[in-house]
Amino acid sequence: MSKSQKGKNQHVVPHPDGWAVKSEGAGRATRVTETQREAMEIAREIAKNQGSERIVHGENGRIRQKNSYGNDPHPPNG
């Protein structure tokens, strides 16, 4: 998969009904769940399928975790 085919990063963000999975740049949520854990699992599967990143935000909106699936710009050595 080339970089031009890379999927959109998946964000897990607070939502009035719980937690939302949103594609980067999208106006609407892909899915809304009751728990952050469930939203994180959905976002991970989408990111893995698309070779993109999952970005988890805390309740305050700040990024608290990032996971890259397939397009890590800084892979570890070795």
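Q: What makes strand β4 (residues 53-57) and β5 count as paired in this predicted model?
A: Strand β4 (residues 53-57) and β5 are joined in the antiparallel sense over 5 bridges; pairing requires at least two bridges between the strands, so β4 and β5 qualify as a pair. Within β5, the residue that stands opposite V56 is Q65.

Q: Why are β1 and β2 called paired strands?
A: Strand β1 (residues 10-15) and strand β2 (residues 18-23) run antiparallel and are joined by 6 bridges, and because the requirement is at least two bridges, they are classed as paired. Q10 has S23 in β2 as its bridge partner, and a hairpin of 2 residues links β1 to β2.

Q: How do you know that β2 and β3 pair?
A: There are 3 bridges between β2 and β3, in the antiparallel sense, and since at least two are needed, the two strands are a pair. V32 in β3 stands opposite A20.

Q: What is the strand order of the open sheet, and what makes β3 and β5 its edge strands?
A: The open sheet has 5 strands in the order β3-β2-β1-β4-β5, with mixed pairing. The strands β3 (31-33) and β5 (63-68) each pair on one side only, and they are the edge strands. Neighbouring strands of this sheet are turned by 20° against each other on average, with direction ignored.

Q: Why is S52 called buried?
A: S52 has a relative accessible area of 1%, and buried means under 20%, so S52 is classed as buried. S52 lies in the loop between α1 (36-50) and β4, and, leaving aside its neighbours within four places in sequence, S52 is in contact with K6, G7, K8, N9, A47, N67, S68 and Y69.

Q: What makes a set of residues that includes V12 and W19 a nonpolar core?
A: A nonpolar core is a set of buried residues of listed types, including Ala, Val, Ile, Met and Trp, joined through side-chain atoms within 4.5 Å. The largest such core has 9 residues, namely V12, W19, V21, A39, M40, I42, A43, I46 and V56, so these residues are taken together as one core. The elements that give two or more residues to this core are β2 and α1, and α1 gives the most, with 5 residues.

Q: Which residues does I46 contact, leaving aside its neighbours within four places in sequence?
A: With those neighbours left aside, I46 is in contact with Q10, V21 and T30, and contact here means heavy atoms within 4.5 Å.

Terms used
Residues are numbered from 1 along each chain as its sequence is written. This is a predicted model: local features need pLDDT of at least 70, side-chain atom pairs count only at pLDDT 80 or more; totals for chains, interfaces and linings use all residues. Side-chain values use heavy atoms; hydrogens and water are left out. Helices (H or I, at least four residues) and strands (E, at least two) are DSSP runs, numbered from the N terminus. Axes are lines fitted to C-alpha atoms, for helices over the stretch in contact, and angles run from 0 to 180 degrees between N-to-C directions. Buried means under 20% relative accessible area, exposed over 50%, partly exposed in between (1.4 Å probe, protein chains only).
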